[in-house]
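Please walk through this protein with me, one region at a time. Keep the model in view as you read.

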Amino acid sequence: MKVVHISQSAPRNACLATLCAKVYGQQAGLTPLVIFTGTKNVLFDQEAARLLAGVDGDGKPLALALLVLDEAGEGMTVTHACEFVDGAKARLISELSLKAPLRVEVSDASQEAFYQQCGFKRWFDGENGQRVGLGARHPAKHSDELTPTLSLDEALILRRFKHDPTAFAEAKDAFLSGLNSFPATL
């Protein structure tokens, strides 16, 4: 598997829309659209997030992962990931954990076990019962050295959608356009 950073806006938007749709599913209401819009318009514009794909030898996407910087700019959190081929997500996350200062936040033992298999060996108790896992390249040695991951103000995005029908329609069109133009190769 080769890891590809998706930086051009057209394939990035298509892959981001697909990632959001796969992670949240069809019953998630506006959440996929809100995450897509905020990531595209805020995190990507501020260069605070990276979208990466694991591809086969022909460039066909096998898995996607969204990494978001922490507030100190020292580490990146895997906030969303999906796969199109069984096992591809684990391979992509494993590759990334060897190359980047990664962090994950999980809420159950099965997620923790998955990320342990992907190379996350250091674990701390986080907020609200979550567990925080760190890859080998993450600089933090103790939980008090971790800074929060940059986040989106989802309520603000929803309010904008509610009060600005044009913004909502443009975001929805961009999301649907992305879903309909997912690239066969990267």
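Start at Thr149, which counts as buried because its relative accessibility is 15%. Buried means under 20% relative accessible area, exposed means over 50%, and partly exposed lies in between (1.4 Å probe, protein chains only). The model is a predicted one: local features need pLDDT of at least 70, side-chain atom pairs count only at pLDDT 80 or more, and totals for chains, interfaces and linings use all residues. Residues are numbered from 1 along each chain as its sequence is written, and side-chain values use heavy atoms, with hydrogens and water left out.

Thr149 sits in the loop between β7 (131-134) and α5. Helices (H or I, at least four residues) and strands (E, at least two) are DSSP runs, numbered from the N terminus. What does the side chain of Thr149 reach? It makes a polar contact of 2.6 Å with the side chain of Thr77. A polar contact is a pair of N or O atoms within 3.5 Å; within protein, one must be able to donate a hydrogen and the other to accept it, and residues adjacent in sequence count only if both atoms are side-chain atoms. Setting aside neighbours within four places in sequence, Thr149 is also in contact with residues including Val68, Leu69, Asp70 and Arg103. Contact means heavy atoms within 4.5 Å.

Now turn to strand β3 (residues 61-69). Eight of its nine residues are buried, so β3 is largely enclosed by the rest of the structure. Strand β2 (residues 49-55) runs antiparallel to β3, and seven bridges join the two. Two strands pair if DSSP finds at least two bridges between them. Val55 stands opposite Pro61 in β3. The two strands form a hairpin with five residues between them, and Gly59 in the turn has a positive phi of about 90°.

On to strand β4 (residues 76-83). Seven bridges also join β3 to β4, again antiparallel. Here Leu67 has Val78 as its bridge partner. Six residues lie between the strands of this hairpin, where Gly73 takes a positive phi near 70°.

Next, the interior. In soluble globular proteins, nonpolar side chains tend to be buried together. A nonpolar core is a set of buried Ala, Val, Leu, Ile, Met, Phe, Trp, Tyr and Cys residues joined through side-chain atoms within 4.5 Å. The largest one has 27 residues, and Leu16, Leu51, Leu64 and Leu66 touch the most other members. Elements giving two or more residues to this core are α1 (9-24), α2 (31-43), β2, β3, α5 (154-163) and α6 (165-180). A second, separate core of 20 residues includes Ala88, Leu92, Ile93 and Cys118.

Asp86 lies in the loop between β4 and α3 (88-99). Is Asp86 buried or exposed? It counts as exposed, because its relative accessibility is 72%. Asp86 and Ala63 are 23 residues apart in sequence and 9.2 Å apart in space, C-alpha to C-alpha.

Finally, step back to the whole chain. The protein has six helices and seven strands. From the N terminus on, the order is β-α-α-β-β-β-α-β-α-β-β-α-α. Of its 186 residues, 41% count as buried. Among contacts between residues at least 6 apart in sequence, 60% join residues at least 24 apart. Along its principal axes the C-alpha trace spans about 45 × 40 × 30 Å.
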